[in-house]
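My plan is to write down each thing I checked and then what I found.

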Amino acid sequence: MFLEKFIKRDFISFYKDKKYFLLIQTLKNKKIISEERKEFEEKKELEKFIKEKITQNPQTYTSTILFTLNQGVIESCNKKEYLKKDIDYENVKIVCIDNKYSFYASVYDIIRLQEEYRFEIDFIYSVFAVIDYLAKERKNIIYVLVFKSYIILLTYENFIPKYSDIKEIEEKDEIDEIEEIDDLDLIDDSLDSSIENIEDIDEIEEIENIEEKLNNLTTGIEVEILNFIKTSLKEYYKNYSNEFIEKIIILDTAGIDVAITNLIEDEILIPAEYQNPDILQIINRLSIESI
Amino acid sequence: MRVYSFKIPKKKPIFKEDTKLWLIFIAISLLLYISFSLFLTFKAYILKKETKELNKKAYELKLKTMQLNEEKEFIYIQKSVFENIMIKNDLTKQQIKNLLDLIPDPITLEKFYIDKNKLTIYGITPTKDVYNLLMLPPLESIFEKTVTTFYKLPNGWYRFKSQNYIQSEENETY
C-alpha cells in the first residue's frame, strides 16, 4: 500500500525472565528509525508502558516468547508423527516450517499467556523458534539458550531440529546459599593459608583463578547447564539419533561465565562455542518479517 | 518468508480514533471549501455573463436614448413650429377679426390678402369721404404706411384698393 511508506510501526518484544525485559523498535518504510530498551520489575509497569504505546500508535505490534514446558519440536509436520510421540494433536497449536519440521505448544498455555497481560499480544513464538531463526550451523549440533530462569536446548541432525528440551532453573533457598558461602569460606581459609606460604605473585593469580572456577562450579548455573546438556545428550543418543554431536553452542542471555565452554569441552569432550544473542531483537525481527 | 508465530495479528488501523475524526473533519471542510469555491466560480461566471448582457443592454439603451433625444428635439422643434403657427393663426384670426371689425357698414369688402407685413384690401365704398372718414383712420393707426387707390364704378361708387404696410418697403427689402 502506498501509505505504508509513511506509516510508523512500533514493534515491541518482551519476555519475563525474573524481571520483564522489553525492546521497542520504531520502523518507517522497513527501516528502524529508533529503538529503546526497558526493564520492569512489576508486570503493571510493563502493561502500563505497552498500553501507552498502543494508544499512541495503533500500528504497534507486540511479540513475546513462550517458556512453558508443554512445547517442543517435531521433525515433521505430519499428524502421525505427533501421535507417535504421544502428543495430543487436538490440543496443540502447530507452526510448520518449510513443510519439513514443526514447532508446537499447548493451546491452553498460549491462551493463558494471552490472558496474563492486559493488552493484546500479536505474535507468540515458541522459544525454540528463536533458536531456529538464529541457527546457522545445523548439522549434528546442540544449541543451548540460557535465560536466568530457563535453559532451552535444541538439537539438529542434518539440518532438521530433532530433539528439544526445556529446564526450569529452580531458585535456591537462601539457607542453601548461606551454607554454600560458608563452604566457600572454608575453601577461602585453606587457600589463604596456602597463599601465606607462597611468595610468587603469578602463583597467587593462578590460585585466584582456581578460586573463581570453584565458585562458578559450586554456585553458578553453569553446572546446571552442564548437567542438563549431559542428561539431554543421554536421551538424544538413546531415543533420537545415532549420529554424534559435533558442536555445542551456548546462547547466553543471562550473563553466565564464558569459561563454560572450557567446562563443557573438559567434561563432555565436545567443542563448545559461546554466543551472546539479542533475543528481543530477534523476536522483533521475526515479527517484522511476518508483516 | 517463514512464519514462526502461533498467532496471526489482527489487522490494525492506520490512524488513531481521534486522528480519524480529524481526518473526517478536514475532508468535510475541504469538500465544503471546494464546493463553495465551485459555487463562487459558477456564480462569478453567471455574474460576468449577466454583466456582459447588461453592458450590451446599457449600450443599446444609450443608443436608444440618443435616438429618443434626437426625436425629442425634433418634436420640440415641431412643437415650437406648431406653436408659432398656432400663434400666427391666432394672430391672423385676431387680425382678420379686427380687420372685419374695422370695416364700417357703408363699405363693402370684396377681398383681402394678408402677407407677412402687408395687408391688401379690395372693396367698394359709396364715396371717398366715407372711406377716408370711417376706414382710413383706423388703418393708419395700425399700419405705418397706407396707400389707397380708387376706381370709379359706373353707378358712381368707388372700388378701392388699400395697401397697408407694417414696415416700410425699404426696410422690408433688407
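This is a predicted model: local features need pLDDT of at least 70, side-chain atom pairs count only at pLDDT 80 or more; totals for chains, interfaces and linings use all residues.

**Entry 1**

I then asked myself how many bridges join strand 2 to strand 4 of chain B. I counted eight bridges between strand 2 (residues 118–125) and strand 4 (residues 158–165) of chain B, and these two run antiparallel. Within this sheet, Gly123(B) stands opposite Phe160(B), which belongs to strand 4 of chain B.

**Entry 1: chain B as a whole**

Stepping back, I listed three helices and four strands for chain B, and reading along the sequence I wrote down the pattern α-β-β-α-β-β-α. Of its 174 residues, 7% count as buried. Among the contacts in chain B with a separation of 6 or more, 40% are between residues 24 or more positions apart.

**Entry 2: chain A and one of its sheets**

Chain A has nine helices and 13 strands, and buried residues make up 30% of its 291 residues. Here 62% of the contacts with a separation of 6 or more come from residues 24 or more positions apart.

I next traced an open sheet of five strands in chain A, which has the order 11-10-9-12-13 and mixed pairing. Strand 11 (160–168) and strand 13 (272–275) of chain A are the edge strands, as each pairs on one side only. Neighbouring strands of this sheet are turned by 15 degrees against each other on average, direction ignored.

Strand 10 (residues 150–157) of chain A is joined to strand 11 of chain A by eight bridges, and the two run antiparallel. In this pair, Leu154(A) stands opposite Ser164(A) of strand 11 of chain A. Which helices did I find packing on the sheet? Helix 7 (residues 222–240) of chain A touches strand 9 (141–146), strand 10, strand 11 and strand 12 (247–252) of chain A, and its direction makes about 35 degrees with that of strand 10 of chain A. Helix 8 (residues 260–268) of chain A touches strand 12 and strand 13 of chain A, with a direction that makes about 160 degrees with that of strand 13 of chain A.

**Entry 3: two crossing helices**

I looked at helix 4 (residues 127–134) and helix 9 (residues 279–290) of chain A, whose axes come within 10 Å and cross at roughly 90 degrees. Therefore helix 4 of chain A is roughly perpendicular to helix 9 of chain A. Helix 4 of chain A makes this contact through Val130(A), Tyr133(A) and Leu134(A), and helix 9 of chain A through Ile279(A), Ile282(A), Ile283(A) and Leu286(A). The residues of the contact divide into seven nonpolar, no polar and no charged.

**Entry 4: where the chains meet**

I found 19 residues of chain A in contact with 13 residues of chain B. On the side of chain A, strand 6 (92–97), strand 8 (123–126), helix 4 and helix 9 are the elements that give two or more residues. That side divides into 14 nonpolar, two polar and three charged residues.

Finally, is Asn284(A) buried or exposed? Asn284(A) is buried, because 24 other C-beta atoms lie within 10 Å, and its place is in helix 9 of chain A. Leaving out residues up to four places away in sequence, Asn284(A) touches Phe11(A), Ser13(A), Leu23(A), Gln25(A) and Ser63(A).

Notes:
Residues are numbered from 1 along each chain as its sequence is written. Chains are lettered from A and ligands numbered from 1 in the order in which they are written. Two strands pair if DSSP finds at least two bridges between them. Axes are lines fitted to C-alpha atoms, for helices over the stretch in contact, and angles run from 0 to 180 degrees between N-to-C directions. Two residues are in contact if their C-beta atoms, placed from the backbone, lie within 7 Å. Angles under 35 degrees count as roughly parallel, over 145 as roughly antiparallel, 65 to 115 as roughly perpendicular and the rest as oblique. Ala, Val, Leu, Ile, Met, Phe, Trp, Tyr, Cys and Pro count as nonpolar, Asp, Glu, Lys and Arg as charged, and the others, Gly among them, as polar. A residue is buried if 20 or more other C-beta atoms lie within 10 Å of its own, exposed if 12 or fewer, and partly exposed in between; C-beta atoms are placed from the backbone.
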